[in-house]
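Here is a friendly walk through one protein model, meant to be read with the structure open beside you. Take your time and turn the view as you go.

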Amino acid sequence: MTHGSVQHELNHALGFFHEQSRSDRDNYVTVLLDNVLLGTASNFQKYDSNNLGLEYDYSSVMHYGRFAFSKLNNLPTIVPKPDASINIGQRYGLSTLDIAKINKLYQCGLCRGLFSNSTGSIISSNYPNNYPKDTDCAWLIRIPSNQIFLQFSAFDVQASSDCVSDYLRIYDGPSRSSPLLLDRSCGAGQLPPMISTGTSMLIEFVSDNMIEATGFKASYSTGK
């Protein structure tokens, strides 16, 4: 029994369906019932689910793999779209979006995390809705080797003079005493990509008692 399999079952106990059973799954995957093993089609049932305003997650620990319950090993039962080559399903552990869904469903203010995979994504709490007030968040990316390449696909943080209210700050290392890759940044627009000099990067996000923005979404990979 793998770590991710335990988390998968615990997520069912917390109230979550399989990811490919979401009400909007047909926008993201095609389920090929003709390839499904006789008597197991119920595993691919679609539900009228509450998706919590969060996007579909191909890398969720709750997602089946491409050949789940297949009649034959080479016949896919789930094909992602529009890009059929996207990897789907894993049992390594909770994805970033899995954690975000749990926190949102149970109204937890957790905004911290440790990321050790070679790729991943980081989003501010409640994104794409307004982030919570009075937060002090930190995400540490720490990989075994190579540099970290971080890029933002969305950035909307409450603007203030010199970013004294809400801000994002990125450190070239594992702590707040590490050199800065990005000093206090706020407002809206595109941030430049960040590349670490080593194997760790710390992302800090602070908000005050006003909520006026949606936050950010970023992804990272191993630098080349």
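This is a predicted model: local features need pLDDT of at least 70, side-chain atom pairs count only at pLDDT 80 or more; totals for chains, interfaces and linings use all residues.

**Aromatic rings**

Which residue stacks with Tyr-47? The protein has 12 aromatic pairs in total, and in one of them Phe-17 is stacked with Tyr-47, with 4.2 Å from centre to centre and 5° between the planes. Phe-17 sits in the loop between α1 (3-13) and β1, while Tyr-47 belongs to the loop between β1 and β2, so the pair joins distant parts of the chain, 30 residues apart. Phe-17 is also partly exposed, because its relative accessibility is 40%.

A second pair is built in another way. The ring centres of Phe-44 and Phe-69 are 6.2 Å apart and the planes meet at 85°, so this pair is edge-to-face. Both Phe-44 and Phe-69 lie in the loop between β1 and β2, so their pairing ties together parts that are 25 residues apart in sequence. Is Phe-44 buried or exposed? Its relative accessibility is 3%, so Phe-44 counts as buried. Phe-69, at 35%, counts as partly exposed.

| Residue | Relative accessibility | Class |
|---|---|---|
| Phe-17 | 40% | partly exposed |
| Phe-44 | 3% | buried |
| Phe-69 | 35% | partly exposed |

Elsewhere, one aromatic cluster is formed by Tyr-131, Trp-139, Phe-152, Phe-155, Phe-205 and Phe-216.

Beyond its neighbours within four places in sequence, Leu-37 is in contact with Phe-69, Ser-70 and Lys-71. Leu-37 and Thr-77 are 40 residues apart in sequence, and their C-alpha atoms are 9.3 Å apart in space. With 41% relative accessibility, Leu-37 counts as partly exposed.

**Helix α2**

Now find helix α2, which covers residues 96-105. How many of its 10 residues are buried? Seven are, so the helix is largely enclosed by the rest of the structure. The buried residues of α2 are Thr-96, Leu-97, Asp-98, Ala-100, Lys-101, Ile-102 and Asn-103. Their cover includes α1 as well as β3 (112-115) and β4 (120-123). After α2 comes Gln-107, which has a positive phi near 55°.

**The whole protein**

Stepping back, the protein has two helices and 12 strands. Starting at the N terminus, their order is α-β-β-α-β-β-β-β-β-β-β-β-β-β. The radius of gyration is 19 Å, close to the 17 Å that the globule rule gives for 224 residues, so the protein is as compact as a globular protein of that length. Its C-alpha trace spans about 60 × 35 × 30 Å along the principal axes.

Of the 224 residues, 46% are buried. Among contacts with a separation of 6 or more, 77% come from residues 24 or more positions apart. The protein exposes about 11600 Å², and carbon and sulfur atoms supply 53% of that area. As for charge, there are 17 positive and 20 negative charges, and their mean positions are 6 Å apart.

Terms used. Residues are numbered from 1 along each chain as its sequence is written. Side-chain values use heavy atoms; hydrogens and water are left out. Helices (H or I, at least four residues) and strands (E, at least two) are DSSP runs, numbered from the N terminus. The radius of gyration is taken over C-alpha atoms; the globule rule is 2.2 Å times the number of residues to the power 0.38. Buried means under 20% relative accessible area, exposed over 50%, partly exposed in between (1.4 Å probe, protein chains only). Contact means heavy atoms within 4.5 Å. Accessible areas come from the Shrake-Rupley method with a 1.4 Å probe; for residues, only the protein chains shown count as cover. Lys and Arg count as positive and Asp and Glu as negative; His and the chain ends are not counted. The place of a charge is taken as NZ of Lys, CZ of Arg, CG of Asp or CD of Glu. Rings of Phe, Tyr and Trp (its six-membered ring) pair if their centres lie within 6.5 Å; planes under 30 degrees apart count as stacked, over 60 as edge-to-face and the rest as tilted.
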